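Below is a set of questions and answers on a protein model. Each answer works towards the value or name asked for.

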Amino acid sequence: MRRLYLSIALILLLAGLSGLHVWHLHGFTSQLTGLLTQAQQHARQEDWAGAALLTRQAKERWTGHEGYLHTTLRHTDIDAVLISLDEALAFLEGEEKQSAEYAAVNARLLTQLELLVEAELPTLTNLL
């Protein structure tokens with residue numbers, strides 16, 4: 001009987017930790033999404049320096065959480081977001097400022113962040 005209780009306790013602990021992970025990841029990606037959305041608004045107003053500053057802040061937060069991210073997520077997903085952040089910064093810091101191309105990169109980045117959380121949810125699609 002002890003083994004049964006121990007097994008149930010371990011399953012409940014793992015389920016709780018998984019829920020905590022999804023909650024933390026959602027909060028973290030929401031912060032990044034907020035920064036990148038503000039950066040997009042600055043780019044629309046042709047405030048390229050403001051957009052670059054906010055995007056740089058998002059990248060710093062992302063790289064600051066790399067230990068946690070590499071422990072809990074797939075490395076290809078983490079690298080894809082980092083590449084997109086670098087690409088967005090390249091558009092913002094380059095000589096030619098093209099808001100349409102930056103908007104496309106930023107939209108892809110926002111979608112990647114959304115999909116990170118979606119992939120961690122305990123849905124039937126993710127379990128199969």
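Q: Which residues does V117 touch, not counting residues up to four places away in sequence?
A: This is a predicted model, and V117 has its place in helix α5. Leaving out residues up to four places away in sequence, the residues that V117 touches are L25, H26 and T29.

Q: Is V117 buried or exposed?
A: A residue is buried when its relative accessible area is under 20%. V117 has 11% relative accessibility, so V117 counts as buried.

Q: How far apart in space are V117 and F28, C-alpha to C-alpha?
A: Along the sequence, 89 residues separate V117 and F28. In space, their C-alpha to C-alpha distance is 9.8 Å.

Q: What is the angle at which α1 and α5 pack, and is the pair roughly parallel or roughly antiparallel?
A: Helix α1 covers residues 2-44 and helix α5 covers residues 99-120. Their axes are 9 Å apart, and the packing angle is about 170°. Angles over 145 degrees count as roughly antiparallel. The two helices α1 and α5 are therefore roughly antiparallel.

Q: Which residues in α5 meet α1?
A: The α1 side of the contact consists of H21, V22, L25, H26, T29, L32, T33, L36, T37, A39, Q40 and A43. Sorted by type, the residues of the contact of α1 with α5 are 13 nonpolar, 8 polar and 1 charged. On the α5 side are S99, Y102, A103, N106, L109, L110, L113, L116, V117 and E120.

Q: Why does S84 count as buried, and what is its relative accessible area?
A: S84 is found in helix α4, residues 75-93. Beyond its neighbours within four places in sequence, S84 is in contact with V105, R108, L109 and Q112. The limit for a buried residue is under 20%. S84 is buried because its relative accessible area is 2%.

Q: Where is L4, and what is its relative accessibility?
A: L4 lies in helix α1. Partly exposed covers the range between the buried limit of under 20% and the exposed limit of over 50%. L4 therefore counts as partly exposed, at 44%.

Q: What separation do the C-alpha atoms of L4 and E101 have?
A: L4 and E101 are 97 residues apart along the chain. The separation of their C-alpha atoms is 57 Å.

Q: What is the relative accessibility of T123?
A: T123 is found in the loop between α5 and α6, the latter at 124-127. T123 and G50 are 73 residues apart in sequence and 38 Å apart in space, C-alpha to C-alpha. T123 counts as partly exposed, with a relative accessibility of 33%.

Q: What pattern does the protein follow along the sequence?
A: The protein has 6 helices and 0 strands. Read along the sequence, the pattern is α-α-α-α-α-α.

Q: What is the radius of gyration of the protein?
A: The C-alpha trace spans about 70 × 25 × 20 Å along its principal axes. A compact globule of 128 residues would have a radius of gyration near 14 Å. The protein has 18 Å.

Q: What percentage of contacts between residues at least 6 apart in sequence join residues at least 24 apart?
A: Of the 128 residues of the protein, 29% count as buried. For contacts between residues at least 6 apart in sequence, the share that joins residues at least 24 apart is 67%.

Q: How much of the accessible surface belongs to carbon and sulfur atoms?
A: The accessible surface of the protein comes to about 8,300 Å². The part belonging to carbon and sulfur atoms is 61%.

Methods: Residues are numbered from 1 along each chain as its sequence is written. This is a predicted model: local features need pLDDT of at least 70, side-chain atom pairs count only at pLDDT 80 or more; totals for chains, interfaces and linings use all residues. Side-chain values use heavy atoms; hydrogens and water are left out. Axes are lines fitted to C-alpha atoms, for helices over the stretch in contact, and angles run from 0 to 180 degrees between N-to-C directions. Helices (H or I, at least four residues) and strands (E, at least two) are DSSP runs, numbered from the N terminus. Angles under 35 degrees count as roughly parallel, over 145 as roughly antiparallel, 65 to 115 as roughly perpendicular and the rest as oblique. Contact means heavy atoms within 4.5 Å. Ala, Val, Leu, Ile, Met, Phe, Trp, Tyr, Cys and Pro count as nonpolar, Asp, Glu, Lys and Arg as charged, and the others, Gly among them, as polar. The radius of gyration is taken over C-alpha atoms; the globule rule is 2.2 Å times the number of residues to the power 0.38. Buried means under 20% relative accessible area, exposed over 50%, partly exposed in between (1.4 Å probe, protein chains only). Accessible areas come from the Shrake-Rupley method with a 1.4 Å probe; for residues, only the protein chains shown count as cover.
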